[in-house]
Amino acid sequence: MDFSTLTVLCVGDVMLDRFLYGEMERISPEAPVPVLLLRDRREMPGGAGNVASNILSLGARAILIGLVGEDDAALTLRETLRQRVGVTDMLVTSRRRPTICKTRYIASHQQVVRADEESRLKLQPEEAELLCRAIDARLDEADVVILSDYGKGVCDAMVVHHLIGEARLRGIPIFVDPKTPHFRHYRGATCITPNARELATAAALPVGTDAEVEGAARKVMKEAEADVILATRSEKGMMLIPASGEAVAIPARAREVFDVSGAGDTVIATMALGVASGMPWPEAMRVANAAAGVVVAKLGTATADIREVMRELAADDAPAVSPHLLTRDAARQQVEAWKSQGLKVGFTNGCFDILHPGHVSLLAAARAECDRLIVALNDDDSIRRLKGPTRPVNTLTSRATVMAAIRHVDALVSFAEDTPLETIRALTPDVLIKGADYAPEDVVGAADVIATGGRLFLADLQDGHSTTAMIGRIRTD
């Protein structure tokens, strides 16, 4: 999968996404609101700018056309674009409106409030003319066009009709992320990518089932004279409905969703590149679904790197010992991804042959010491060497299935060695957790974790709970 020869013309509402990170320490004496002590800030292109960033992350080139004001936000936005080699800045400056800026205040990985700066002024004729000139100047360089409509003014009728008309004359496919419920506004587009709510509104029809989604899509497709509708359905996955041919649906990849900010941008960027590169439509949808799975597991406005998408696709295809168990390499990648999001990763291990309240108490205490907890399970042979030929009572697959249902556990991995040392070294967790019945010097991997800047936590154990004792009581009874 190589998109490096492709160029995408991105037209739409460009904005600056600003994230301010801090800690909530107290309630303000002035009003019943939290006081946020700011620690860090991140600024990146948003809206159509995030589509361009996704195109770049996927290995292609982007030409970005939109409106900005004459202000500091525009300078910051242009600087963020300048740092992204492969994105051509064709932004049009307007004296009539500020640069759209969305400022999000984040504490403990949660958004506290968002402040928006924008104008509600309708696109002016002179602004539309400048945007059309910018389109004409660069359209011949494009292999595919993306129209990213956030309802902020750029996707005015004059601009949309000009863009779609000129692209069709050149045989360039046009992908539209819609905002208006009147899809005829995008008449002639190749593919329109509404989410379930947008599709329901546009069609004035329910979209709860596969059949209802297809019916609604075929209605709006006819009105828009489009070739394809790609309906994104959150946890239900995606459905591809072509004008001629059968609809194809795929489920979403199961995962914990951290943030859906920008997921639609990722889908349309990946879908457009897939089709432009020659992929069949269903295959392009599969790749877009994998890319969406990558970005929803990240905090903030995120992009999907081509290598992350390739790993996601490989994970879909690879057979697994248990659907709940990660390979050691996949676990390492997951830990790296969590750490890149600023999350603190904890690690504990054990046989967990027959789960009892003592185990649950340990897992709860472990999860309280970190943001994400990964549990390493001894494999069956390892337990036999440790506990004897009659153990384990439950196979690794069974133990993993039960452990995955514990709400304190975020990921599972197994190890075949007598100790988890190699797994700990591979994952480099921030916190290593064991029961308080261990002396610190006896905890396997503690020295390695501490050497890499982590720490050891010894959790108090509930008395009177033991798998061995439980098995003994069963046999006695």
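**From definition to conclusion**

Tutor: The protein chain holds 16 helices and 21 strands, where helices (H or I, at least four residues) and strands (E, at least two) are DSSP runs, numbered from the N terminus. This is a predicted model, in which local features need pLDDT of at least 70 and side-chain atom pairs count only at pLDDT 80 or more, while totals for chains, interfaces and linings use all residues. Residues are numbered from 1 along each chain as its sequence is written, and side-chain values use heavy atoms, with hydrogens and water left out.

Student: Why is C101 called buried?

Tutor: Buried means under 20% relative accessible area, exposed over 50%, and partly exposed in between (1.4 Å probe, protein chains only). C101 has 1% relative accessibility, and therefore counts as buried. C191, at 0%, is likewise buried. Of the 477 residues of the protein chain, 49% count as buried.

Student: What makes K122 exposed?

Tutor: Its relative accessible area is 62%, so K122 is exposed. K122 lies in the loop between strand 9 (110–117) and helix 3 (125–138). Not counting residues up to four places away in sequence, K122 touches R97, E127 and D156, contact meaning heavy atoms within 4.5 Å.

Student: How do you know that the count of disulfides is zero?

Tutor: A disulfide is a pair of cysteine sulfur atoms within 2.5 Å, and by this rule the count comes to zero. For C101, the nearest cysteine sulfur, that of C155, is 19 Å away, and C101 is in no disulfide. For C191, the nearest is that of C10, at 15 Å, and C191 is in no disulfide either.

Student: What makes a set of residues a nonpolar core?

Tutor: Such a core is a set of buried Ala, Val, Leu, Ile, Met, Phe, Trp, Tyr and Cys residues joined through side-chain atoms within 4.5 Å. The largest has 54 residues, and I55, L64 and F175 have the most contacts inside it. Helix 8 (residues 281–295) gives the most to this core, with nine residues. A second, separate core of 45 residues includes L139, L163, I174 and A217. In soluble globular proteins, nonpolar side chains tend to be buried together.

Student: Which residues is L64 in contact with, leaving aside its neighbours within four places in sequence?

Tutor: Among them are C10, V14, A48, L81, V87 and M90. For the protein chain, 70% of contacts between residues at least 6 apart in sequence join residues at least 24 apart.
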